[in-house]
Every structure is written in structure tokens, then in C-alpha cells.
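Hi,

Here is the structure I promised to pass on. Have a look at it first, and then read on for what turned up in it.

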Amino acid sequence: MTAAVVLGGGMAGLLAAGVLADHVDEVVVVEGDQYPEEPGARRGLPQGHHNHLFMKGGADALDELLPGTTDLLRAAGAQQRGLPHDILTRGPRDWFERNPTDTWLLLMSRAVLDHVVRGQALRNPKLTVRQHTKVVGLVGDARRVTGVRVEREGPAADAEASEETLPADIVVDATGRSARTPQWLEELGVPAVEEDKVDAGFAYASRWYRAPADTPEDFPGVMIQVQQGTGRPGRGVALLPNEGGKWIVTQFGSKGGEPPTDEKDFATYSGDWDHPVIARLLARATPLTGIRSYRGMHNRWRHYEKARLPEGFLVIGDAFAALNPTYGTGMTVSARSALVLRTELRRTGLTPDLGRRVHKGIAKIVAFAWQSSAGNDVLFPGAESTLPVRAEKFQTWFGARISQVAARNRTVSNTTFSVGTFIAPPTRMASLGYLWRILRGPRRPALTAEQAIAQFPGFGTLIEDPAAVPVSHPSDTGRTR
Ligand SMILES: Cc1cc2nc3c(=O)[nH]c(=O)nc-3n(C[C@H](O)[C@H](O)[C@H](O)COP(=O)(O)OP(=O)(O)OC[C@H]3O[C@@H](n4cnc5c(N)ncnc54)[C@H](O)[C@@H]3O)c2cc1C
């Protein structure tokens with residue numbers, strides 16, 4: 001009888017558990033929280049109050065791991081939008097032309113996403129979840145992990161009876177951003193694992209709205225991305241359609257550019273972008289919740305791929321690399337990492353070097369996401385970083401140039417977004433044709449905000465009546481400009 005124990009039943013943990021079930025007799029997922037019966041918030045997933053998007057490369061992986069999941073999500077109301085064809089997008093420099101590409105985003109609340117993924121994963125009869133149960137340590141030594149120490153939580157658990165050891169042939173740690181893996185490994189005598197961290201001090205503020213009754217089905221949503229390398233804090237916003245006629249609005253900013261959290265400023269805020277499109281849309285929408293904020297969005301990569309870890313133990317998801325959510329890559333990296341686990345298990349099964357091989361594969365996926373996340377964040381004022389900042393001027397110039405050309409050129413737009421959403425390999429951005437177009441630069445002027453908006457009949461009359469809508473900028477609300 002072989003057993004796997006997965007620590008944490010979030011996105012990475014459940015996907016890994018489904019993969020492991022094909023190779024062991026039973027899989028136990030240890031989850032500190034109680035899952036809600038219906039789609040809803042839970043304590044262990046505070047990010048659930050904020051905007052979530054699943055990139056096509058992640059959604060494809062989800063369907064490979066749990067077939068039919070994205071169809072179930074669409075049936076539950078998830079909205080698919082081509083990028084940038086179906087979303088009004090302002091990149092770090094310019095407004096995007098509405099070019100078709102091969103890629104898209106799936107938009108829905110985290111509550112619905114998790115409910116559907118959980119339902120799919122837990123249909124597997126080999127899989128059980130111990131809810132309300134907290135992992136407190138590993139069992140074994142620096143050579144091999146043989147189990148996990150857990151503690152039952154909640155009023156029913158009396159202190160003595162609540163501690164237990166779960167034996168395991170393999171332990172997968174998916175305890176997320178707050179993972180205590182380094183301490184657990186230290187207790188087994190494992191030398192400290194190298195860690196990189198980049199913190200640009202990003203903050204989120206989010207609110208749910210009921211869309212106006214006359215919102216068309218193809219309402220595009222709006223994404224305004226942060227600008228790095230300007231010497232000023234980055235500021236951005238996403239207003240995205242979700243299931244059930246709802247909009248989620250998430251304003252975000254790096255250190256010194258934190259978004260407002262009071263109702264009046266939130267509704268009128270127009271950051272440092274050149275059109276009050278968000279304020280006009282919000283003037284027509286009905287708030288459904290208060291404003292929730294989130295901090296602690298640093299990038300942190302624990303280099304397990306370089307470490308000598310005990311056999312029978314591996315790490316996946318945010319516990320391996322937590323990325324600034326502003327770039328929307330975390331769940332896609334988790335899903336693609338679960339595919340790496342599947343490939344390696346299919347190749348050789350539960351071998352002693354499984355962890356090493358899986359960590360190397362995950363590191364390749366993380367490396368690309370890290371570059372677009374931590375690599376950008378080091379360029380914001382006040383960013384704290386363990387990385388040496390090299391060629392900052394070139395990096396800023398090159399990033400801006402890609403964004404300017406992609407905003408106008410259909411081929412460059414397709415390559416940039418396809419690579420960025422993990423459906424094409426990063427080497428596509430190193431092809432001669434791509435690089436030549438970037439170096440040549442934009443061939444026509446950028447769209448004005450009005451021209452960009454006019455590309456989308458889906459806005460209809462929603463953003464007319466500008467006179468009625470007050471607008472505030474960071475300088476009006478006391479934030480630095
Ligand atoms: C504000 C915010 C917005 C985000 N938006 C996006 C987005 O738009 N797109 C995207 O792709 N990604 C996004 N992410 C990232 C995404 O949430 C994570 O990458 C993804 O959830 C990875 O999941 P995970 O399973 O590794 O960690 P989590 O989802 O955090 O799951 C960890 C699980 O472990 C449990 N746990 C923790 N410690 C213990 C313990 N000691 N014992 C037992 N259980 C434990 C927790 O309860 C939780 O269920 C966002 C993140 C944040 C913070």
C-alpha cells in the first residue's frame with residue numbers, strides 16, 4: 001500500500017493530488033481550512049476577494065489534468081476574452097489596437113473557480129481531504145521524509161488527541177505563499193535553501209459591482225497595466241466582467257502609488273492614466289461589497305531546484321515561487337507545474353530523484369514568470385531586491401519598446417501575448433523576425449484613449465455623460481504623483 005500526502009488543498013495542492021493518484025494507492029490532502037459548501041470565501045484564501053484571471057496556457061493545463069474543467073467554468077458563467085482583442089488594454093506605454101491573437105483569458109471569481117476545480121478533483125475516489133487540519137512539521141531526517149505531523153483544529157479537537165502522524169511514501173508541499181517549509185526542513189537538519197525576493201511594495205484594493213442593466217454580453221472590460229522605469233510609482237487597474245453580471249474592479253499600485261481604499265476616492269480614481277474610463281463605468285454600476293485591500297504581494301523564489309532535499313519530498317505552487325499577482329501568472333504556473341509532476345511520474349514513477357527532476361522542470365516555468373514579474377518590479381522606486389540590478393536602462397528601454405510595438409503591430413502582439421500567457425515558448429520572442437520588428441520600432445502613432453475605446457462597440461452608452469462623473473487623480477487624494 002503506497003500513500004501520498006499533499007500539504008495544502010489550494011489550486012496547486014489539488015492539481016498535484018490528482019496527478020499523484022495515478023501512481024499511489026491513496027492520496028491524503030491536509031487542509032487547514034474548511035471548504036465552503038457553495039462557492040464562497042474562506043480564511044486560507046484571502047486573495048479570493050480580488051480580481052482573478054486564468055491565462056490560456058494555465059487553462060489548457062487545467063483541462064489536461066482535469067478534463068472538461070474550463071467547459072464547466074464557462075457553464076458556471078466564466079467569461080472568456082481574447083487578449084487584447086476583447087479587452088480594452090493600455091500597456092505600460094500605449095493603448096492597444098484591437099488585433100486578434102491566438103490567446104485569451106478566462107475571467108471569473110476565485111470562489112467559482114475553486115468550487116469547480118475542487119468538485120472535479122475530489123471526484124477521484126483515491127483522494128481524501130482532511131479539512132480543519134494543520135500541518136505542523138515533517139517526519140524523517142535530512143535524507144528522507146517519511147511522513148507529516150498534523151494537528152486537528154477547531155472546537156472539537158482536544159489538545160492531546162489532536163496531534164497525529166501521517167506516514168507517506170511521498171509528501172508534496174503546496175501550502176502557498178505563507179509556507180513554513182524552510183522551518184520544517186531545518187528541523188530535519190536540511191541546510192537552508194537559497195531564496196530570492198523582490199518587493200516593490202504593491203497593494204491591491206478591490207470591490208465587486210453589479211454591472212448596469214444595459215451592459216451588452218460582449219462587454220470588453222478594461223485593463224490598464226503598470227508602467228515601470230519611469231521613476232514614478234506604478235499604478236494600474238482592471239475592471240473585468242465575471243459570472244452573474246458582476247464586475248470586479250481591482251486598483252493596484254507599487255510603493256508610493258497605493259490605490260485608495262475609501263469609497264469616494266475609489267469610485268472616482270483615475271490613477272495617472274489619460275482617460276477616466278473606469279470612473280465613468282463605475283458611475284453607472286452598483287457596488288455589491290465594501291472595498292478590500294491586500295498587501296504582501298512580493299515575489300519570492302525558494303530555489304529548491306538547487307537544493308539537496310530529502311527523498312520523498314517536493315514543493316509546488318506558491319510555496320516554491322510566489323509571484324506578484326499583478327501579472328496574473330500564479331495559478332498558470334501551478335497548473336503547468338502539476339503537468340511537470342505528471343510527466344516525471346509517468347517517466348519513472350516514484351524514484352528517489354523524483355523531487356530533483358520535478359524541481360528542475362518547475363524552475364524552468366518559474367524562470368519565465370519570474371522575469372516578467374520580479375524582473376519588472378525591480379524597476380519601481382523603492383523596490384527591495386536580493387537580485388543585482390543589471391542593465392536597468394536597457395531593460396527599461398526594451399520593455400517599453402516591446403509594449404509600444406505590440407500595441408500597434410499584429411504579429412508582435414500575437415507573439416508577445418502568446419508567450420506571456422504560456423501558450424508559446426519564450427524562444428519565440430528571440431526569433432529574428434520578432435527582434436527586428438522591436439528594434440525597428442513602431443510604424444505609426446499610438447491610438448489616443450478615445451480611438452482605443454471606439455474600437456469596442458461593447459462599451460455602448462456605458463461611458464457617455466462625462467459631465468456627470470467626478471474624477472480624482474493621485475495628487476487629489478494625497479498619494480504621491
Ligand atoms: C491578491 C491575489 C490575486 C491573485 N490573482 C491571481 C490571478 O489573477 N491569476 C493567477 O493565476 N494567480 C493569481 N494569484 C496567485 C494565486 O492565488 C496562486 O498562485 C495560486 O493560488 C497558487 O496556489 P497554491 O495552491 O500554491 O497556494 P494557495 O492557493 O494559497 O493554497 C495554499 C493552501 O494551503 C493551505 N495551508 C497553508 N498552510 C497550511 C498548513 N500549515 N496546514 C494545512 N493547510 C495549510 C491554505 O489554507 C490553502 O488552502 C493571486 C494571488 C493573490 C494574493
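Helix H4 gives the largest share of the lining of the largest cavity, namely three residues. Bear in mind throughout that this is a predicted model. H4 covers residues 110-121, and helix H1 (11-20) also supplies at least two residues of that lining. If you want to click on the residues yourself, the cavity is lined by Gly9, Gly10, Met11, Leu14, Asp114, Val117 and Arg118. By class, they split into three nonpolar, two polar and two charged. The volume of this cavity is about 40 Å³, and the count of cavities of 30 Å³ or more comes to one.

Which of the elements gives the most? That is H10, with five residues.

Phe394 sits in helix H11, which runs over residues 392-408.

Now for the contacts between side chains. Searching the whole structure gives 13 aromatic pairs. One of them is Tyr204 with Phe252, a tilted pair with 5.8 Å centre to centre and 40° between the planes. Tyr204 belongs to strand E13 (residues 203-210) and Phe252 to strand E16 (residues 246-253), so this pair ties together parts that are 48 residues apart in sequence.

Where do the two partners lie? Both Arg43 and Asp33 are in the loop between strand E2 (26-30) and strand E3 (53-55), so the bridge ties together parts that are 10 residues apart in sequence.

Finally, two spots in the backbone to look at. As a reminder, most residues other than glycine have a negative phi, and most peptide bonds are trans. Here, Leu83 and Pro84 are joined by a cis peptide bond, with omega at about 5°. Pro84 is found in the loop between strand E4 (79-82) and strand E5 (88-90). The other spot is His132, which is not a glycine and yet has a positive phi of about 55°. You will find His132 in the loop between strand E7 (127-130) and strand E8 (133-140).

That's the lot from me.

Cheers

Key
Residues are numbered from 1 along each chain as its sequence is written. This is a predicted model: local features need pLDDT of at least 70, side-chain atom pairs count only at pLDDT 80 or more; totals for chains, interfaces and linings use all residues. Side-chain values use heavy atoms; hydrogens and water are left out. Helices (H or I, at least four residues) and strands (E, at least two) are DSSP runs, numbered from the N terminus. Rings of Phe, Tyr and Trp (its six-membered ring) pair if their centres lie within 6.5 Å; planes under 30 degrees apart count as stacked, over 60 as edge-to-face and the rest as tilted. On a 1 Å grid over the protein atoms alone, a cavity is a set of points where a 1.4 Å probe fits but cannot get out, and a pocket is an open set with protein on both sides within 12 Å along at least five of seven lines; lining residues have an atom within 4 Å of a point. Grid points are joined across faces, edges and corners, and a volume is the space filled by probe spheres set on the points. Ala, Val, Leu, Ile, Met, Phe, Trp, Tyr, Cys and Pro count as nonpolar, Asp, Glu, Lys and Arg as charged, and the others, Gly among them, as polar.
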